[in-house]
Every structure is written in C-alpha cells, then in structure tokens.
Amino acid sequence: MQNFSSPLTSTQRIVKIVRDKTLAIMKKGVSFLVTVALMALASSLASASDPSPLQDTCVAIAEPKNAVFVNGKFCKNPNLTKAEDFFYSGLDKPGNVSNPVGSAVTQVNVAQIAGLNTLGISAVRIDYAPYGQNPPHTHPRATEILTVLEGTLLVGFVTSNPENRLFTKVLNKGDVFVFPIGLIHFQFNIGHTNAVAIAGLSSQNPGVITITNAVFGSDPAIDPDFLARAFQLDKNVVKNLQSRFWYDNN
C-alpha cells in the first residue's frame with residue numbers, strides 16, 4: 001500500500017526550520033561549554049603554586065596511621081589539633097652572621113609550624129653583618145615579599161632569558177620589595193651596621209637554590225670541562241671553584 005503524507009503547511013515549515021536551527025545551536029553551545037570546562041580543568045591541574053586548602057586545617061603529621069595524605073604531608077586528625085600546631089617562637093633572636101657570606105636565614109615553614117600544611121605561606125628572618133649578603137638564589141615554588149626592619153639593603157632580581165633585565169633598589173627601614181617566583185635575586189647590606197629583614201613567601205615549602213652552591217658545589221661534581229665552556233672559564237679556574245666550601249646560610 002502506498003503511503004501518502006500530507007504536504008507541510010507554510011507554518012509547519014517555519015516551525016521545522018526554527019526547531020532544526022535551535023537544535024544545531026544547542027549542540028554547538030554544549031560543545032563550547034564542554035571545551036571551556038575541559039580547559040578549566042586542565043588549568044587547575046597545571047597550577048604551579050600551592051593549592052588552596054580544602055578544609056579549615058590540615059596540620060602536618062609524621063605518623064601516617066589513620067591520616068589522610070594531602071599535598072606532601074599527612075594531616076593530623078582535626079580533633080587532635082591544638083594551638084601549638086600553629087605557633088613558633090624565636091624569630092626575635094638574631095641569626096649567626098659570622099660566616100663566609102655574612103648572613104643567616106631563619107626559616108619558618110611547614111617544618112617549623114606544622115599548621116602551615118596546605119596553607120601556601122611561610123616566612124623567614126634574614127640577618128646581615130655589615131657588607132654581608134644573601135647570595136644570588138631562587139625559590140622554585142614561591143614569590144617573596146621582603147620588608148627591611150633595620151639597616152640599608154641593596155636588593156635586586158634578574159628576569160629570564162633573553163632579556164635578563166636587572167631590577168634593583170636600595171631599601172631602608174620600612175621599605176618593601178617583591179621578588180617574583182623562580183627568578184634569581186639577592187640582598188646586600190651596604191651599611192656599616194647590622195641589618196635585619198623579614199620576608200613572606202607564597203609556599204609552605206618554597207625551597208631555595210643558591211646559584212654558586214648548586215653549580216660549583218653539587219654532589220657529585222658537574223664535569224669541569226662542561227662548566228669551563230658554559231661559563232667561558234679556564235678549566236683550572238672551575239676546578240678551583242669546585243674545590244671550595246660553599247656555605248649555605250639557610
């Protein structure tokens with residue numbers, strides 16, 4: 001039996017066109033939303049800084065029994081958390097600056113305050129002898145904001161290749177300076193008296209890489225032929241540098 005369908009009226013044709021176009025737009029919209037969601041997820045997974053805490057507290061604990069592993073440290077049971085987990089005493093005491101670089105860094109990170117775990121922040125006190133320095137170094141996981149409490153410091157940082165621009169400033173008591181994450185920076189006491197600074201860092205464990213220590217004091221040593229060419233130095237000069245004791249002021 002032959003099936004005869006009634007021809008569409010003009011109104012029905014318009015409704016069909018509108019419906020088809022609406023469905024096409026909705027499909028494109030869903031595809032766009034999925035793309036945006038995937039990009040947002042990829043961005044969050046690729047974050048290079050400490051993640052935001054997912055709870056009020058996550059105190060670091062050495063014993064993993066009955067603990068949850070979060071961001072490199074086990075979390076203490078919140079019911080066992082106490083005020084001492086968020087406390088440190090001693091930052092008023094000056095560090096020993098009688099060393100080859102004339103400075104001392106007192107760290108207050110998650111190793112000293114367990115309650116800093118997952119909070120993405122830490123602090124240091126830096127003491128400088130007259131003409132002492134905090135040698136060129138980087139913090140691979142943190143931006144640093146430094147405040148001078150006493151004395152006068154020449155500070156600076158160098159941007160990445162290829163510009164390698166030097167940003168430098170003389171700081172006096174009460175002055176503040178920022179060192180962007182990962183960039184080589186330094187401080188130098190240009191005064192005749194001791195200097196003191198306090199710095200905050202945007203990581204519970206910012207890390208520190210002192211350039212000379214890493215390059216010439218690595219264990220085992222980097223091939224001197226390689227370093228001689230890299231730094232355009234005589235091989236014997238490199239060997240001499242590698243034979244020295246590179247002091248760590250942290």
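**Sheet, cores and cavity in a predicted model**

Five strands form an open sheet in the order β9-β8-β11-β6-β13, with antiparallel pairing. Its edges are β9 (166-171) and β13 (209-210); each has a single partner strand, so one side of each lacks a neighbour in the sheet. Strands are DSSP runs (E, at least two residues), numbered from the N terminus. Two strands pair if DSSP finds at least two bridges between them. Strand β8 (residues 153-158) is joined to β9 by 6 bridges, and the two run antiparallel. V158 stands opposite L166 in β9.

The model is predicted: local features need pLDDT of at least 70 and side-chain atom pairs count only at pLDDT 80 or more, whereas totals for chains, interfaces and linings use all residues. Residues are numbered from 1 along each chain as its sequence is written, and side-chain values use heavy atoms, without hydrogens and water.

The largest nonpolar core comprises 18 residues. Y128, L146 and L153 have the most contacts inside this core. A nonpolar core is a set of buried Ala, Val, Leu, Ile, Met, Phe, Trp, Tyr and Cys residues joined through side-chain atoms within 4.5 Å. Buried means under 20% relative accessible area, exposed over 50%, and partly exposed in between (1.4 Å probe, protein chains only). Two or more core residues come from each of β5 (122-128), β7 (144-150), β8, β10 (176-179) and β12 (195-201). The largest share, 4 residues, belongs to β12. Another core, of 6 residues, lies apart from it and includes F216, L227, A228 and L241.

Contact means heavy atoms within 4.5 Å. Beyond four places in sequence, Y128 touches residues including V97, N134, L146, L153, Q187 and V196. G200 sits in strand β12 and is partly exposed, at a relative accessible area of 23%. Leaving aside neighbours within four places in sequence, G200 contacts S122, A123, T143, E144 and I145. The C-alpha atoms of G200 and V108 are separated by 9.5 Å, with the two residues 92 residues apart along the chain.

The structure holds 1 cavity of 30 Å³ or more. A cavity is a set of points on a 1 Å grid over the protein atoms alone where a 1.4 Å probe fits but cannot get out; lining residues have an atom within 4 Å of a point. The largest cavity has a volume of about 150 Å³. It is lined by 19 residues, of which V105, V124, H139, V208 and N250 are the closest to its centre. β5 gives the most to this lining, with 4 residues. The lining divides into 8 nonpolar, 10 polar and 1 charged.

Note on methods:
On a 1 Å grid over the protein atoms alone, a cavity is a set of points where a 1.4 Å probe fits but cannot get out, and a pocket is an open set with protein on both sides within 12 Å along at least five of seven lines; lining residues have an atom within 4 Å of a point. Grid points are joined across faces, edges and corners, and a volume is the space filled by probe spheres set on the points. Ala, Val, Leu, Ile, Met, Phe, Trp, Tyr, Cys and Pro count as nonpolar, Asp, Glu, Lys and Arg as charged, and the others, Gly among them, as polar.
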